Amino acid sequence: MKSINRHVLYIIISITISSQTTQAQKKTNEQRVDSVMSLMTLEEKVGQLNQYSDDLIATGPITIDADKASQIKKGQVGSLLNCMGSERTRTWQKAAMQSRLKIPLLFAQDVIHGYKTTFPIPLAESCSWDLKAIELSARVSATEASASGINWTFAPMVDICRDARWGRVMEGAGEDTYLGSKIAYARVKGFQGDKPGEINSLMACAKHFAGYGAALGGRDYNSVDMSERQLLEIYLPPFKAAANAHVATFMSSFNDLNGLPSTGNRHLLRDILKGNWKYDGFVVSDWSSIGEMITHGNVKDGYEAALCAMTAGCDMDMESRNYKNNLIQLVKDKKVSVSLIDDAVKRILHKKFELGLFDDPYKFCNTEREQKELNDPTHALAARDVAKRSIVLLKNDNHLLPLSKNTKTIAFIGPLVKPKMQNKGFWDVEVPGIDSAYVVSQWEGLVNKVGKTSTILYAKGCNIEGNNRDGFAEAVNVAKQADVVILSIGERRDMSGEAKSRSIIEIPGIQEELLKELLATGKPVVVIINAGRPLVFNYTAKNAPAIIYTWWLGSEAGNAIADVMFGDYNPSAKLTMTFPASTGQVPLFYNHFNTGRPPKNDSDLRNSYIDLPIYPRYEFGYGLSYTSFQYSQLHLNKKKLKSNEQLEVSATITNTGNYDGEEIVQLYLHDLVGSIVRPVTELKDFKKIALKVGESKTITFSIDAEKLSFFNQELKWVAEPGEFDIMIGASSKDIQLKDRFELVE
Ligand code: BGC
């Protein structure tokens, strides 16, 4: 008892001291910012609001300035993006150190899912529902990138995505707000570490604020028109979660929201973000999005664009040059106050102090550390671990998987078996001068796993696209010689990503026809589907005995796929986006409202389409395991809950199959009657648990008023008294346990 007290005392003292230190440090930084500000001319202040792309690689339509270096030396640039490597960043930082006030540059990069080591695309990782693994992936990425001169990543993308046609679904965490918020928090923590300025951390950026994922028709950059309630309830919570995790920056989105481009949207940036949420980081525009307001048509020229964006609360101009060219005149014309500019500059300088760049501008430019971190073998292990946790087992008739390591002859067929770089997916980073081609192909992964014990035959069969069947005969011939066939098909990696929307999201070309020919041999066929979005593959879904959906898994793809196929890892991932049965069903998501005339069953076509059921191919939360789980003993500690109370809900999960495994137990709620219509079901919690064969675990969830709340007609966040269905299951459809409780008073 005594020692516990001493321990508690110690914790209290250390918390007090550390919070005093943080306070003192904060104060110091604020004072330091003020003292730098007092020395700055208006030109130098505007310079801090200006971000340029380096000329090495471009992630947008670049403006080449011959005099970039001299602008930096004059203090006219606050940050560079697309500048990588300890030496190159050092060179540019040296230029900044020649400016009058020696204000260091920020170096930003899209470190979306890895730097040298590529992790699975974010949508894939989200299917792991494994917050620790996701945080680790961001941590490793930050460690590598920060060793390579970078101190700011444009990630995580926390846009909710309900339309699989939109190419950028690959960058997000899927369609669900609750899960998306948890993942947003974990990713920010992973990138930023415990406190700002740690040597192996990056500033993160919550993007794209806001509504970008709801682009009309899934067409990139398109308009978004949505109710304030939907914005607040569905699209903004992951941003709020990022803000709660102290994300250093936000990025405004390309789209117009209810008629006003986000970059010039005062309601979003000033009222909600900097007002209601009291956000004290800074906002960067998306690439040229200040200038693009002229094309949108809400401003007439660069002068008006700068006025609109600055007034709205956008602090830094990525690449458009409109702040640089117009802000000083706007101040002279008394359209923009110096205090508005000061606020933006302060926010940016504050981050530069937090990062420690004023103390050591070359802090992240250490070639030795770069060499060490970019060659750390543990990063590959982390990438492999996350990759296998991201693979979703969609079908497994007669336990075809896992394959035996004693299989005599395996035919590995398909256009995605041998390519390496495809596995990286979109938004990988090609680090100049560094071997970014480190990827274990699917072929190499199989050879690593069973190359010594099995004979592995190969045929490409066909291309990803086109209708050339010349390779079919060879593929069939190879299949006939094998005991089992593995077919790897899907999209090209650049068929999803920015500006990569598709109107028909089927498996391209004749790849499913190749499958048909292979199935005709009578051999068992395992299908691997590679993609950056949910695809439609009805033939495969109906006819292939086993399907794994691998998305794009990154550097360790081949090893991770082999781990799952041969049972060294029992798949546990579950879909975070609904898989439609036809592109015509999109947008399709699980937590929709009921209509007054919902379809009664699968064959009731009157109230959906006359030519298509409304039900998906695979629902949100779906994913199989090699083992089976039984759900039992649902227990609620009370049936009536007061708004200041907690409801404890427990259930027992038993591994009833033949393999150790992990289950993602999902808790859904349905508010039976609300003052506005409530979703048919909503994820409100989950737990991922590991169970050995025969093992049982009892898990407990807590439900409080927060989980029952929504935005009412007055846009107030309220929990209304009434009845709620509580459902626990293995997916949004596969509900195993159900009960009802009431919120009283
Ligand atoms: C994308 C952003 C990205 C930026 C910088 C834009 O085109 O929309 O997500 O961070 O480019 O590369």
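1. A residue is called buried when its relative accessible area is under 20%. Arg533, at 0%, is therefore buried in this predicted model. Its salt-bridge partner is Glu491, with the closest N and O atoms 2.5 Å apart. Arg533 sits in the loop between strand 15 and helix 20, Glu491 in the loop between strand 14 and helix 19, and 42 residues separate them. Glu491 also counts as buried, at 0% relative accessibility.

2. Lys346 and Asp34 form a salt bridge through their side chains (3.8 Å, N to O). Lys346 belongs to helix 14 and Asp34 to helix 1, so the contact ties together parts 312 residues apart in sequence. Lys346 is partly exposed at 37%, and Asp34 is partly exposed at 40%.

3. Lys738 and Asp725 meet in a salt bridge at 4.0 Å, N to O. The pair links strand 26, which holds Lys738, with strand 25, which holds Asp725. Lys738 is exposed at 53%, whereas Asp725 is buried at 7%.

4. The whole structure has 47 salt bridges. A network of them links Asp130, Asp385, Lys388, Arg389, Glu662 and Lys688.

5. The second largest pocket holds about 870 Å³ of space. Its lining comprises 31 residues, and Thr177, Ser181, Pro237, Glu706 and Trp717 are those nearest the centre. Helix 7 contributes the most, five residues. By class, the lining has 13 nonpolar, seven polar and 11 charged residues.

6. Tyr609, Ile614 and Tyr615 make a nonpolar surface patch of about 230 Å². Ile614 lies in the loop between helix 21 and strand 17, and is partly exposed at 34%.

How values were computed. Residues are numbered from 1 along each chain as its sequence is written. This is a predicted model: local features need pLDDT of at least 70, side-chain atom pairs count only at pLDDT 80 or more; totals for chains, interfaces and linings use all residues. Side-chain values use heavy atoms; hydrogens and water are left out. Patches are made of residues with over 30% relative accessible area and no salt bridge: like charges are joined within 9 Å, nonpolar side chains (Val, Leu, Ile, Met, Phe, Trp, Tyr) within 5 Å. Accessible areas come from the Shrake-Rupley method with a 1.4 Å probe; for residues, only the protein chains shown count as cover. Helices (H or I, at least four residues) and strands (E, at least two) are DSSP runs, numbered from the N terminus. Buried means under 20% relative accessible area, exposed over 50%, partly exposed in between (1.4 Å probe, protein chains only). On a 1 Å grid over the protein atoms alone, a cavity is a set of points where a 1.4 Å probe fits but cannot get out, and a pocket is an open set with protein on both sides within 12 Å along at least five of seven lines; lining residues have an atom within 4 Å of a point. Grid points are joined across faces, edges and corners, and a volume is the space filled by probe spheres set on the points. Ala, Val, Leu, Ile, Met, Phe, Trp, Tyr, Cys and Pro count as nonpolar, Asp, Glu, Lys and Arg as charged, and the others, Gly among them, as polar.
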